[in-house]
Amino acid sequence: MFQHIIGGDLFVVAGPCSAESEEQLRATCQALMTTGRVHLLRCGAWKPRTRPGGFEGRGEEALRWIAALKRQHPTWLFAVEVATPRHVEMARRHGMDALWIGARTTGNPFLVSELAATLREEPLPVMVKNPMSADAALWAGALERLQQAGITDVAAVHRGFSVPSPLHPEMRNDPVWRIPLELRRIMPQVPLLCDPSHLTGDKEQVATCCQTALNLGFDGLMIESHIHPEEALTDARQQLTPAKLHALLDTLHPRPSHAPTPAELTVLRERLDLIDDELLKLLAQRLNLSRHIAAVKEAHGLCTYQPARWGDKLGKLLPAASALGLEEAFAKDILERLHLESIRVQEQRRSANKSGTPKQ
Ligand code: PEP
Ligand code: MN
């Protein structure tokens with residue numbers, strides 16, 4: 001199912017967050033399939049909820065509704081989330097076409113191994129959402145566990161991370177785009193989808209997020225859609241009606257992955273490369289200075305970390321960064337990272353001096 005979507009037409013997975021009733025599921029799927037733009041229908045049968053007592057999905061009953069819809073419409077393809085080997089067995093028994101592993105499960109290697117073992121005999125296509133933490137290796141590890149069990153028809157789904165989001169306070173999850181890009185670098189053959197619904201948590205932001213994903217070379221989208229979003233039992237704020245989803249897809253600009261590089265871009269990239277070379281040299285110079293500073297602090301018995309000095313510096317540098325047109329959160333991130341590296345280098349130098357190790 002997912003093997004040929006890299007470099008092809010935009011692959012669209014859509015459907016309600018949860019299968020709530022047979023009628024809601026039927027009406028939503030019918031409207032979505034009428035758009036002619038949806039390749040795979042999604043819905044949750046078991047819902048992972050933060051606190052107990054809420055709506056936890058219709059379970060196997062939802063799978064029976066799907067099986068009935070598939071009897072009426074044999075070309076419709078369905079995916080459900082599985083979190084336990086029992087879910088996999090039920091999904092198989094009711095004829096699901098694909099599965100996905102949710103964010104809360106991907107981060108648990110024991111569980112992923114059990115799911116892979118359950119799928120080994122009769123593999124089904126599997127989408128793997130990123131884990132809750134911004135960890136590309138953990139995400140890749142879940143895909144590898146499936147692949148090693150012979151489940152080769154896999155795709156990755158980026159749904160953002162549960163980390164404090166200083167750069168994107170408006171979103172439900174932090175996109176940390178470098179993580180899916182890192183996954184693409186380590187697993188270039190695995191198709192990459194974006195789930196803008198869980199990422200943003202807000203139907204108004206879904207379109208922008210979809211376009212960002214396309215600009216970054218994603219192969220497909222998984223979008224939540226409900227026939228009456230305002231009545232949805234889960235994730236009501238982020239679900240689009242099928243009609244809105246159709247209109248949104250029409251506004252997106254696909255980005256071909258193998259377009260020739262225009263000369264203008266080459267020139268700009270050369271300038272960018274020169275700036276990067278300069279930045280690296282400046283960073284090396286700055287860290288060399290930190291090593292000298294370490295020697296002076298050591299000679300005078302001073303602490304490596306000087307909070308007052310750092311507070312003063314940030315107080316001056318952040319407004320200066322804003323005046324240069326830099327985002328304050330970005331500037332703070334970079335400056336703090338630089339400061340931490342400076343402290344690390346100073347500590348390294350001080351402990352090397354003490355233990356008599358030759359100076360670097
Ligand atoms: C979902 O897709 O409905 C879901 C629960 O997603 P996630 O695992 O990304 O939170
Ligand atoms: Mn949801």
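Lys47 reaches toward ligand 1 in this predicted model: an N or O atom in its side chain is 2.8 Å from an oxygen atom of the ligand. Such a pair is a polar contact, meaning N or O atoms within 3.5 Å.

| Residue | Distance to an oxygen atom of ligand 1 |
|---|---|
| Arg42 | 2.6 Å |
| Lys47 | 2.8 Å |
| His198 | 3.5 Å |

The protein covers 97% of the 290 Å² of accessible area that ligand 1 has on its own, by the Shrake-Rupley method with a 1.4 Å probe.

Around ligand 1 there are 13 residues, and Arg42, Lys47, Ala103, Lys129 and Arg159 come nearest; a residue counts when one of its heavy atoms lies within 4 Å. By class, this shell has 7 charged, 4 nonpolar and 2 polar residues.

Cys17, in the loop between β1 (11-15) and α1 (22-34), and Asp235, in the loop between β8 (220-224) and α10 (242-251), are 218 residues apart. Cys17 is buried, with a relative accessible area of 1%, where buried means under 20%.

Residues are numbered from 1 along each chain, with chains lettered from A and ligands numbered from 1 as written. Local features need pLDDT of at least 70 and side-chain atom pairs 80 or more, while totals for chains, interfaces and linings use all residues, and side-chain values use heavy atoms, without hydrogens and water.

Notes:
A polar contact is a pair of N or O atoms within 3.5 Å; within protein, one must be able to donate a hydrogen and the other to accept it, and residues adjacent in sequence count only if both atoms are side-chain atoms. Ala, Val, Leu, Ile, Met, Phe, Trp, Tyr, Cys and Pro count as nonpolar, Asp, Glu, Lys and Arg as charged, and the others, Gly among them, as polar. Helices (H or I, at least four residues) and strands (E, at least two) are DSSP runs, numbered from the N terminus. Buried means under 20% relative accessible area, exposed over 50%, partly exposed in between (1.4 Å probe, protein chains only).
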